[in-house]
Amino acid sequence: MKAQLQVTVLSAKLKENKKNWFGPSPYVEVTVDGQSKKTEKCNNTHSPKWKQALTVIVTPFSKLIFRVWSHQTLKADILLGMATLEISDTLKTNDMKLCEVVQTLQLCSDRDLNDVVGDLSVCLDGMQVDPETFSSAERDRAENGSAVPNGEVRQNGDCDDSRDTSPSSDCEDWVIVPNGIAANGTGSPAPSPGGSGALRPPRPARPPPPTPRRPTASPASSNSPTPSEVSEAPASDGSSQASVVGGLEPEAAAVAAAADGGPQATRAPQAGPPALTAPTTAPPTARLSPTASSNGPLPPGWEQRVDQNGRVYFVDHIEKRTTWDRPETLPSGWERRVDPMGRVYFVDHITRTTTWQRPTQESVRNYEEWQHQRSQLQGAMQQFNQRFIYGLQDQLPPTPNKEFDPLGPLPHGWEKRTDTNGRVYYVHHTTRTTQWEDPRTQGLLNDKPLPEGWEMRFTVDGIPYFVDHNRRTTTYIDPRTGKSSLENGPQITYVRDFKAKVQYFRFWCQQLSMPQHIKITVTRKTLFEDSFQQIMSFHPQDLRRRLWIIFPGEEGLDYGGVAREWFFLLSHEVLNPMYCLFEYAGKDNYCLQINPASYINPDHLKYFKFIGRFIAMALFHGKFIDTGFSLPFYKRILNKPLALKDLESIDPEFYNSLIWIKDNHIEECGLEMYFSVDKEILGEVTTHELKPDGGNVLVTEENKEEYIRLVAEWRLSRGVEEQTQAFFEGFNEVLPQQYLQYFDAKELEVMLCGMQEIDLADWQRNTIYRHYARSSKQILWFWQFVKEMDNEKRMRLLQFVTGTCRLPMGGFADLMGSNGPQKFCIEKVGKENWLPRSHTCFNRLDLPPYKSYEQMKEKLMFAIEETEGFGQE
């Protein structure tokens, strides 16, 4: 007889492969008797822990096969090892009972069984076998090979000599005692008090059907005055036999009622539970006593009975059917109902939902786990959706105030309106015409872009002027043509306005946009591959059209929300360091940079070109990505030269060593260095010469400045030239880099990753002080200064101290430092004429003891707005 066995895959210990930087992503596949179940995967580990329960149908002589696979995204999964487990041997060593039995199996290679690749721990639970029947079946298997055919089973449970030799008949002539069913001294079900105590109920001849069929109607059932009553199973004396034909489908047979004094009722061959018929005058069969079941009470309307052969079955008086499987009570909060058409459905009063499927404890538990995982994803999405570029107050619909329009006021006689679909159009009241194009931008489509570092803005009267960010000046003269838009106009003070930059960038994106939209259809399971294939199949200019993202099987129209989720999910995938395309910038820095070992993927340059297009699409369409890059990488996107101080944000230790070389006399220290460096990629150490024949050029006090410059350039771009070129090739196809020339690296990070509304109370609550007290006047001035800031300035201050504008899920309480969690810290350091300094590795702000609030405000604003790098004095 087959039974359910719960196999809990606990953990594994795999041998480490020193050739790979990252560990495998293992999962376990359990196969038995044609069934296959898999666990979830564990990412990047040689010591996975699953603790996942799998339920399989087994016999006492089944063999469990465990295969440990490593999940691969871009190629077929790799088999790490396999192990087998004989259930019969495990039963023998555990007194024929599997109750939370933990087994540790050796994993062997599929090529060489003597090659042990690790250990696998599993737990077996939920199976108990009658020892006598097991021994008998084991002897039969030994005599007849491995398969023992079924024979006729007498009522006393002994097999007759004549056996059915049909190939389709199976020998399952053992008794598996279900959990909770009381057994007598021999392991058989206990007889009821009303039955005969001398006879032991017979052993089952065949297993119960997997899905019991609805019983056939009996001729006598039409005359039954009470259809809800169920007939007892026919009587059977000690000499009667139940003939079982191997290979027949289990089906309930109707039982003909015999009149009093008439001939004895005949019984058809029966393989399923007794059918529901009208009441008969046959003597009742023995039923299990209430003490025979300890699985808890049956659901309302159900009854437990035993047929002539001692097999337990269950009767549903409501639906008038029988089954071998014990019905489970409904989980807490569920109710069974019947609709007007007689169909049964179930009501969940907790979630106020209905379903046709009968709920079980396992299904409710699985649903709750799925809801928990879904809520975690929604929580991440909710925080992701809260990101913005500048203050929330600036995201309100446009107001009549002219300062909110980067193009200035409309010409005389024009009006801006919005139709019912949210599209903006313009009305010319003089000619009584309408058009989609903005009259202020007509004629600007063919204008050449401004030189690097220049920006065009508009006054409140709509007069254009130009901002030179290189010299921090303003002028009415167009640097492209030399013509002035206003003669003898008032001088405009240079103001660093991030919001104006963003609006001007959006204006140029609108000019570059294409009409209509493109459809991108992706599935959630293969999001990376589907997106790669479709984005690379489009012409680059088509990616400037409005995006229409479709997830098959999910109804909905994309008016921005679906595209926002697509950018979030895809950025989480493509920038995952597990794909070896990107890596973390440092041990305590979770920003990303290109991985020099990406060449292990032969198509890595195609993927970098795809990622370049994807990042440009995010900027062009105003969407955010989940993870950000390092500041030097942003400077590369902006085409700005890298400096030595850029190295501090990604490798402070290496930066400090170069500063030491710069500040000390290396010849006196006896350092013997050459213009060459060693690099290790995937365990292979190679030597890179910083200049021709650099391995023979000694670093001296005279040429150490050149050495520091060359080694810093190498550290910032070591072995990623091809990958960077492929990235920018895809990036420039969608969005030319010249349109980003007005931004700095930190502003570009906000453009791409967004920022959140900074909670000042949470900030103060999770700040610690060194050599300052919470009541110190400098601390009170500092929080007064932060309170007076808008959200953009707070973000810049956070960026100055921590190196990023993004907060973790838990807010300031979960800020990370070089040694783990590190709260925001303010330390008393320096003199009153010093500038503030920051240590991004420790989230620490060195705040000198200023004498007045105005002095502190001036120094902090200068540090936030005007400086790049840290430690300036």
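A residue counts as partly exposed when its relative accessible area lies between the buried limit of under 20% and the exposed limit of over 50%. In this predicted model, E733 has a relative accessible area of 23% and is therefore partly exposed. E733 forms a salt bridge with R613. The closest N and O atoms of this pair are 2.8 Å apart. E733 belongs to helix α12 (residues 721-734), whereas R613 belongs to helix α7 (residues 604-620), so the contact ties together parts 120 residues apart in sequence. R613 is buried, at 4% relative accessibility. The pair is part of one network, in which salt bridges with shared partners join K609, R613, E729 and E733.

The structure holds 21 salt bridges. Among them is the one between R311 and D307, at 3.0 Å from N to O. R311 is buried, with a relative accessible area of 9%. D307 is buried as well, at 4% relative accessibility. E335 and R337 also meet through their side chains, at 3.2 Å from N to O. Here E335 is partly exposed at 30%, and R337 is partly exposed at 33%.

In a regular strand, side chains alternate between the two faces of the sheet. β26 runs parallel to strand β27 (residues 546-550), and five bridges join the two. I520 has I549 as its bridge partner in β27. Together with helix α5 (residues 527-537), β26 and β27 make a right-handed β-α-β unit.

Key:
Residues are numbered from 1 along each chain as its sequence is written. This is a predicted model: local features need pLDDT of at least 70, side-chain atom pairs count only at pLDDT 80 or more; totals for chains, interfaces and linings use all residues. Side-chain values use heavy atoms; hydrogens and water are left out. Two strands pair if DSSP finds at least two bridges between them. Helices (H or I, at least four residues) and strands (E, at least two) are DSSP runs, numbered from the N terminus. A crossover is right-handed if, with the strands pointing away from the viewer, the path from the first strand over the helix to the second runs clockwise. A salt bridge is a side-chain nitrogen of Lys or Arg within 4 Å of a carboxyl oxygen of Asp or Glu. Buried means under 20% relative accessible area, exposed over 50%, partly exposed in between (1.4 Å probe, protein chains only).
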